[in-house]
Amino acid sequence: MAKQKPRTVPLQVSTEESYSYNRHVLEYIHQAAERGLYDIRGLGAKRKMPTFDDLVFLTASLSRYPLEGYREKCVTKTVLGTRFAKKPIELKIPIMVAGMSFGALSGRAKEAIGRAATALGTSTTTGDGGMTAEERESSKTLIYQCLPSRYGFNPDDLRKADAIEVVIGQGAKPGGGGMLLGQKISARVARMRTLPEGIDQRSACRHPDWTGPDDLTIKINELREITGWRVPIFIKFGATRVKNDVKLAVKAGADVIVIDGMQGGTAATQQVFIEHAGIPTIAAVRQAVDALEEMDMVGKVQLIISGGIRTGADVAKAIALGADAVAIGQGVLMALGCNGSYALDGKKHRDVTKDYLALGVRPGTCHHCHTGKCPVGVTTQNDDLALRLDPAEGAHRLKNYFNVLSMELATLARACGKSNVHHMEPEDLVALTVEAAAMARVPLAGTNWIPGLGGK
Amino acid sequence: MASLTRSREKQQQVVRLDQEKLSVREINEYLHHRVRDGARVEIANPDGQHNLAVGLDADIDVDILGHAGYYIAGMNKRARVTIHGSVGWSVGENIMSGSVRVKGNASECAAASGHGGLVVVEGDASSRCGISMKGVDIVVGGSVGHVSAFMAQAGTLVVCGDAGPALGDSLYEAVIYVRGKVHSLGADAREEALGKTDHAKLTDLLGKAGIDLNPKDFKRIASARKLYHWNSDHQDDY
Ligand code: SF4
């Protein structure tokens, strides 16, 4: 009998993956080794984290009285900037469009957004790169950002704005500056930003003319002097040390504070920034409200929350926790076709899956706004691609989306017995997870226990 | 020329606003809405106040008679503002056109993000002079502090004295001329030979600033354009 050889081929291929060195980490290391460049991408954090999904409403029953869902009125009107401005902003719904630049977005996408916002009675916001004549024309209420780069920033547009938003940071990259890669620095974008065409623009992360909160106070007064104290001044930052930042911003003289949680999106920044900086939106709201309460500024300084607000339930929960309004960026892009498989060109609705594949993604996994090759023509400066979005169709869809959000918001408010969405309160909420209970500071469902505060 | 004569004709009618009697708000309100082109306005007793004469958009002359605070003549258009004293941070910030002249010294961030027009500091300017400039021309009679012309995109910075550390860091298309010593250049800034156009530009700007110096004595600093595109080979330059 021949001697048996030792077995060298395993019975089956191993499926034992490492937790620490899983496929994502391997891909990260392989790509870093191959290219010597870190990853840049668009949209927001994709990691799992506590969100508004971890909260539920305690709607009315016997101990509370609901409003008739389809008959009784529920007010959604929202006023922002009542502290110092002669002309506060009045919105029909507490849902705004977050700041997105012409440059990051195509002119047609900006136009669709402006038209929808105007029809809805809400606002839009400019971005890094200044105000275009088209967006001023299409948006009834337009908020003008004052960013560290000051690209295209000028007193004429400042005076045309309905509010000014001093941007200190954003949720996707708190502490980082804007970025627009060469593919998107078209001739017009370059001209607006006084940059050479096609360069990789990496904006400053600090303002050029002030550094700390004391200077900011004077800067805000300068903006007020230039605009005759007419329009509200917002201060926006990414959610990190929220409580301290809110207090400093209030002290600096803000009318409105905008806080962008870590799920907030961007058109381009380092992946490491998107996933590893800032705190979740649900934690940020609570800290901001705490700061306003401690300063006795609730109702005097308004609070806008953004970063991963997707649904009517998200809006309702943010407002119940104390926000006066929310701002949406990524959801707006998605309403305009982002990550959908066909182009919303108003005509043929051609399937564009192959263009996603060319970017190495599928509809549903795209985050390639930084490439300028958006398959649905939303975040591009390429004229042919931009034609894939029809502004009228885009506006129609965005209007639908925001209408759904405000109807859902009112549905929940009525069920909580509130005739005004702004009357919702943290007491209307409980948490499904210990983490969410601790962050939002509402009890874990079925208990009176708030981690850190006690109760049973 | 037309505007020069006009303002000269009206020179007799000087309006005097006294900051001890009027608030900054009232002074700016007057300058925004109640002056006609060609007018001359004096602001007496500025007393270190911030935000004087900001957001002007008129063909007028404004004289601030003393020291003033932050953001003086910020976002200026068309007006010619002269400060007969020293100023705090960010004088003439984001200036679009017209001119701002500081007879004394200017603190940090002079002419920050200026898009056009002319800013003259007869004394010294502090750090970050001309930061993020986007087309403004700046002439400093004395020296400038560190990181001046940081990320300067367009326009010209003329320094008749010395420049502090990291001059012109991350420069784009703006050009810097320095007559004295440069402590150090920032990332992507390099010294280049003076050409004919540099001569003409310097002669013009020194003339406008009323400074009598020889353009030949200046060095030119401009962008090496190595950082225009993003890649890891220049990692150490940042
Ligand atoms: S579909 Fe367009 S907007 Fe959406 S992630 Fe991809 S590139 Fe960005």
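Start by selecting Gln19(B) and Asn45(B): the side chain of Gln19(B) reaches the backbone oxygen of Asn45(B) at 3.0 Å. One thing to keep in mind as you look around is that this is a predicted model.

**Stop 1: around Gln19(B)**

Gln19(B) sits in the loop that runs between strand S1 (14-18) and helix H2 (24-33) of chain B. Is Gln19(B) buried or exposed? Its relative accessible area is 9%, so Gln19(B) is buried. Show what surrounds it: leaving out residues up to four places away in sequence, Gln19(B) touches Ile27(B), Ile43(B), Ala44(B), Asn45(B), Pro46(B), Asp47(B) and Gln49(B).

**Stop 2: strand S2 of chain B**

Two of those neighbours, Ile43(B) and Ala44(B), take you to the next selection, strand S2 of chain B, residues 40-44. Colour it by accessibility and you'll find that five of its five residues are buried. Look at which way the residues face: Arg40(B), Glu42(B) and Ala44(B) point one way from S2(B), while Val41(B) and Ile43(B) point the other way. To see one pairing, pick Arg16(B), whose bridge partner in S2(B) is Glu42(B).

**Stop 3: S3, S4 and S5 of chain B**

Next, select strand S3 (residues 61-65) and strand S4 (residues 80-83) of chain B; they run parallel, with four bridges between them. Val62(B) stands opposite Val81(B) in S4(B). Then bring in strand S5 (residues 99-102) of chain B, which runs parallel to S4(B) and is also joined by four bridges. Here Ile83(B) has Val102(B) as its bridge partner in S5(B).

Arg80(B) forms a salt bridge with Asp61(B), and the closest N and O atoms are 2.9 Å apart. This pair links strand S4 to strand S3 of chain B, 19 residues apart. How well covered are the two ends? Arg80(B) counts as partly exposed because its relative accessibility is 23%, whereas Asp61(B), at 10%, counts as buried.

Move along to Arg101(B) and Glu122(B), whose side chains meet in a salt bridge at 2.7 Å, N to O. Arg101(B) is in strand S5 of chain B, and Glu122(B) is in the loop between strand S6 (118-121) and S7, 21 residues apart. Arg101(B) has 19% relative accessibility and therefore counts as buried, while Glu122(B), with a relative accessible area of 32%, is partly exposed.

**Stop 4: a salt bridge in chain A**

Hop over to chain A and select Arg188(A) and Glu134(A): their salt bridge has its closest N and O atoms 3.0 Å apart. Arg188(A) is in helix H5 (residues 187-193) and Glu134(A) is in helix H3 (residues 133-138), 54 residues apart. Arg188(A) is partly exposed at 31% relative accessible area, and Glu134(A) is partly exposed at 39%. Across all chains, a search of the whole structure finds 51 salt bridges.

**Stop 5: where A meets B**

Show both chains and select the contact, which takes 37 residues from chain A and 39 residues from chain B. Together the chains bury about 3200 Å², 58% of it on carbon and sulfur atoms. On chain A, click Arg202(A), Ile218(A) and Glu225(A), which lose the most area to chain B, together 20% of what that side buries.

What about polar pairs? There are 14 residue pairs in polar contact between the two chains, both residues at pLDDT 80 or more. Helix H4 (155-160) and helix H6 (213-226) of chain A each supply at least two residues of the side of chain A that touches chain B. The largest share, seven residues, comes from H6(A). By class, that side of chain A has 16 nonpolar, 10 polar and 11 charged residues.

How many salt bridges cross this interface? The rule finds four. One to select is Asp156(A) with Lys77(B), where the closest N and O atoms are 2.7 Å apart.

**Last stop: Gln153(B)**

Finish on Gln153(B), in the loop between strand S7 (134-140) and strand S8 (154-159) of chain B. At 3% relative accessibility, it counts as buried. Its contacts come from both chains, among them Tyr151(A), Arg193(A), Met133(B) and Tyr172(B). For a sense of scale, draw a distance from Gln153(B) to His33(B): their C-alpha atoms are separated by 33 Å.

Methods
Residues are numbered from 1 along each chain as its sequence is written. Chains are lettered from A and ligands numbered from 1 in the order in which they are written. This is a predicted model: local features need pLDDT of at least 70, side-chain atom pairs count only at pLDDT 80 or more; totals for chains, interfaces and linings use all residues. Side-chain values use heavy atoms; hydrogens and water are left out. Buried means under 20% relative accessible area, exposed over 50%, partly exposed in between (1.4 Å probe, protein chains only). Contact means heavy atoms within 4.5 Å. A polar contact is a pair of N or O atoms within 3.5 Å; within protein, one must be able to donate a hydrogen and the other to accept it, and residues adjacent in sequence count only if both atoms are side-chain atoms. Buried area is the accessible area (1.4 Å probe) that two parts lose on being put together, summed over both. Ala, Val, Leu, Ile, Met, Phe, Trp, Tyr, Cys and Pro count as nonpolar, Asp, Glu, Lys and Arg as charged, and the others, Gly among them, as polar. Two strands pair if DSSP finds at least two bridges between them.
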